Amino acid sequence: MSERVDRDANRELRARFDDVYGQYQQIRSGLDTLRARLAQLRVTRRSPDGHVTATVGAQGQVIEVVLAPAIYRDRDAEALSRKVTETVHAAVAAATQATQDLVAEIMPAGSGSGSGSAEFLRTGDFGALLGRADAVLGRREGSA
């Protein structure tokens, strides 16, 4: 009887290990795709009046700021500065959301927006992202 219980427990542990390992492998294999998609990610936002257009990358780095010729009719430098800043901020916020959405596609369910994901968004360090995945998968394994 004891041997049967041990075999059943071992079978369940093996099945759980296979499940966790499969999820981990899926995350690892998704990183190449994620890297490529993030490298290509560009988000563009336009000011409400259309005079300022800002394009940023996945980490919020400014790629391009375009000023429409009509911007020069209003010679208010402070207003222009605010408009550029607000437009860049809007583009960065949208890029952050787009990056979080891409990262969420490869992260296991229940991982939330933990510190690994936040660190990844700030630095682009895939190690932080995998560390978060390792922690989530390890926690699941321990609770099974």
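At the start of H2, which side-chain oxygen reaches to within 3.2 Å of the backbone nitrogen of Glu78? The oxygen belongs to the side chain of Asp76, and a polar contact is here a pair of N or O atoms within 3.5 Å, in which, within protein, one must be able to donate a hydrogen and the other to accept it, while residues adjacent in sequence count only if both atoms are side-chain atoms.

The model is predicted, so that local features need pLDDT of at least 70 and side-chain atom pairs count only at pLDDT 80 or more, whereas totals for chains, interfaces and linings use all residues. Residues are numbered from 1 along each chain as its sequence is written, and side-chain values use heavy atoms, with hydrogens and water left out.

**Overall layout.** The protein chain holds four helices and three strands, which follow one another along the sequence as α-β-β-β-α-α-α; helices (H or I, at least four residues) and strands (E, at least two) are DSSP runs, numbered from the N terminus. Of its 144 residues, 33% are buried, a term that stands for under 20% relative accessible area with a 1.4 Å probe, protein chains only.

| Element | Residues |
|---|---|
| Strand S1 | 43-46 |
| Strand S3 | 62-67 |

**The sheet.** The three strands form an open sheet in the order S1-S2-S3 with antiparallel pairing, and S1 and S3 are the edge strands, each pairing on one side only. Pairing requires that DSSP finds at least two bridges between two strands; S1 and S2 are joined by four, and Arg46 has Thr53 in S2 as its bridge partner.

Helix H2, residues 77-106, spans 44 Å from its first C-alpha to its last over 30 residues, close to the 44 Å expected at 1.5 Å a residue, where the expected span is 1.5 Å times one less than the number of residues. Among its buried residues are Ala91, Ala95 and Ile106.

Terms used. Buried < 20%, exposed > 50% of the residue type's maximum accessible area, 1.4 Å probe, protein only.
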